[in-house]
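Keep the structure open while you read.

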Amino acid sequence: MRNRPIALILFFIACIFCANCGKSGPDPASFRYPQDPQLSHRLPQPADYPAVRFIVLTDPHYYHPGLGTSGPDFARYIQEDRKMLALSDEILEAAASEIQTQPADFILICGDMTKDGERINHQRVAEKISRLHPTADIYVVPGNHDVRNPEAVRYTNEGSRPVATVEPGEFSRIYSAYGYDDAIARDPASLSYVAEPVDGLWLFALDSCLWRENEPGGHPVVNGRFSDSTLKWLEDMLIQARENNKAAIAMMHHGLVAHYPGNEKYYGEYVVDHSETIARLLTAYGVRLVFTGHFHAQDITVKQFADLPNPVFDIETGSLVTWPCPWRKITISADQTCTIESRFIKAIDSMPEGFADYARNFALEGTLGLARDALEKYHVSENGMDLLAPQIAEAYLAHLAGDEKQPDTVISTKGTGIMGRLVVFFQKDLVEGWWTDLPPADNRLVIDLETNSWQQPDDF
Ligand SMILES: [Fe+2]
Ligand SMILES: [Fe+2]
């Protein structure tokens with residue numbers, strides 16, 4: 001017993017080292033552009049973006065209520081999660097009723113279409129999104145939950161039973177009308193494709209998921225990575241975009257770059273592996289706007305490489321089924337101004353009043369539970385958990401909503417006991433990270449794509 005504090009300190013140190021070594025695996029394939037300095041000179045300058053309006057939503061995590069919303073296993077799943085699965089159908093309906101009135105050329109959905117890749121959920125959500133908009137084309141990519149998922153189950157009062165999931169070929173068949181049939185090119189090694197949603201604009205719809213590593217009886221891989229063959233295909237297509245004078249945007253499920261200090265240290269599986277390399281590749285070929293999901297937060301981050309003329313913006317949108325239930329409107333004008341607006345689902349059929357409060361409380365309660373579980377593992381006292389868990393949960397919710405305003409005291413350890421203070425000593429940077437809003441603003445933003453400057457307007 002006398003050695004317990006020393007053992008715990010060693011455990012914390014081990015955790016920190018493990019958290020820091022999250023990016024294992026081989027380096028990506030070597031690219032043509034750094035090895036062939038003439039390549040960029042032979043290519044025309046990136047084309048101007050055409051005037052275009054589009055909608056972005058992500059992580060609808062559709063769950064057909066017929067798969068069961070009761071029983072001990074469903075209760076446990078919900079308790080340990082932040083998604084309002086039982087309301088996913090209603091929330092998608094509410095989103096559709098708002099989106100269908102918007103002028104839009106196309107709609108992007110950045111993955112996690114389903115709870116856990118259940119075939120029935122894919123079939124239902126594919127049918128549902130056909131009514132999202134009267135005229136706009138829809139483009140989807142898979143998320144980490146969507147393909148070959150060993151956790152595809154239905155729930156009963158006794159527990160859970162496996163149901164059919166989908167293989168990659170079936171995913172592209174189910175969503176054939178949402179990018180795959182319309183593609184200019186498809187990557188034979190993944191579910192990535194390139195489409196031209198409006199004349200002059202190529203959409204790089206990238207499958208960053210590792211469904212090929214999912215195994216029966218295991219957990220689906222949360223991490224994201226591109227294979228060497230996908231990266232070679234991607235560079236070939238980026239060169240073609242330049243040769244054909246097409247402007248380019250990209251979408252993928254995983255974050256392109258870190259969205260807060262500590263993102264890669266603590267939650268590296270939410271940023272694509274080799275993120276610097278991938279961001280540099282896209283930026284080198286003139287992709288300036290990348291739309292992502294996965295962490296369920298409203299957050300925009302910009303990456304500027306010193307030797308490249310333009311930055312790249314990673315525009316992460318929060319999940320439809322996690323507070324604040326956002327979707328975004330993007331308008332690019334002919335003068336190369338990109339305006340990003342955000343909207344939030346505030347009412348659903350069964351909750352015409354009070355839905356936003358319900359959704360926030362749902363996210364708060366789920367996060368409080370997760371924070372308490374984590375603190376308990378570190379032997380923090382009951383009183384310490386009562387004091388620390390709400391502070392951790394408020395930081396996390398601030399990050400979900402975006403445009404975080406850091407309080408004077410990020411986390412107070414007063415009265416939390418020695419283990420509470422020790423946990424905070426080692427992991428305060430995570431809470432600080434959630435309270436830190438890396439530039440630019442997250443919910444309302446105007447980017448001047450010619451001067452690479454931006455501002456946060458107050459008037460919309
Ligand atoms: Fe998700
Ligand atoms: Fe995800």
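The iron ion (ligand 1) and the iron ion (ligand 2) sit 3.4 Å from each other, with Asp112 coordinating both. Bear in mind that this is a predicted model.

## The iron ion (ligand 1)

Which protein donors hold the iron ion (ligand 1)? They are Asp59 (OD), His61 (NE2), Asp112 (OD) and His296 (NE2), at 2.2 to 2.3 Å from the metal. Along the chain, these donors follow the spacing D-x1-H-x50-D-x183-H.

Angles between the four donor atoms run from 87 to 175 degrees, so the arrangement is irregular.

## The iron ion (ligand 2)

The iron ion (ligand 2) has Asp112 (OD), Asn144 (OD1), His253 (NE2) and His294 (ND1) as its donors, again at 2.2 to 2.3 Å. Here the spacing reads D-x31-N-x108-H-x40-H. Asn144 comes from the loop between strand 3 (137-140) and strand 4 (153-155), while His253 comes from the loop between strand 9 (247-252) and helix 10 (263-267), so this pair ties together parts that are 109 residues apart in sequence.

Asn144 is buried, with a relative accessible area of 7%, and His253 is buried too, at 0%.

## Two domains

The chain splits into domain 1 (33-349 + 445-455) and domain 2 (356-435). Their centres, taken over C-alpha atoms, are 29 Å apart. On the contact itself, domain 1 puts in 24 residues and domain 2 puts in 21 residues. Between them the domains bury about 1,900 Å², with 68% of that on carbon and sulfur atoms.

## The nonpolar cores

The largest nonpolar core has 117 residues, and Leu289 and Phe291 make the most contacts inside it. Helix 13 (residues 382-401) supplies the largest share, eleven residues. Both domain 1 and domain 2 give residues to this core, so it lies between them.

What does Leu289 touch, leaving aside residues up to four places away in sequence? Its contacts are Tyr49, Ile249, Ala250, Phe313, Ile315, Ile332, Cys338, Ile447 and Leu449. Apart from this core there is another, of 33 residues, including Leu43, Ile278, Val290 and Phe305.

Notes:
Residues numbered from 1 in each chain as written. Chains lettered and ligands numbered in written order. Predicted model: local features only at pLDDT ≥ 70, side-chain atom pairs only at ≥ 80, totals over all residues. Heavy atoms only, no water. Core = buried A, V, L, I, M, F, W, Y, C linked by side-chain atoms within 4.5 Å. Buried < 20%, exposed > 50% of the residue type's maximum accessible area, 1.4 Å probe, protein only. Helix = DSSP H or I, 4+ residues; strand = E, 2+ residues; numbered from the N terminus. Domains from an automatic or database assignment. Contact = heavy atoms within 4.5 Å. Donors = N, O, S within 2.8 Å, 3.2 Å for Na, K, Ca; no water. Tetrahedral: all angles 85-135°; square planar, octahedral: opposite > 155°, others 65-115°. Buried area = accessible area lost by both parts, 1.4 Å probe.
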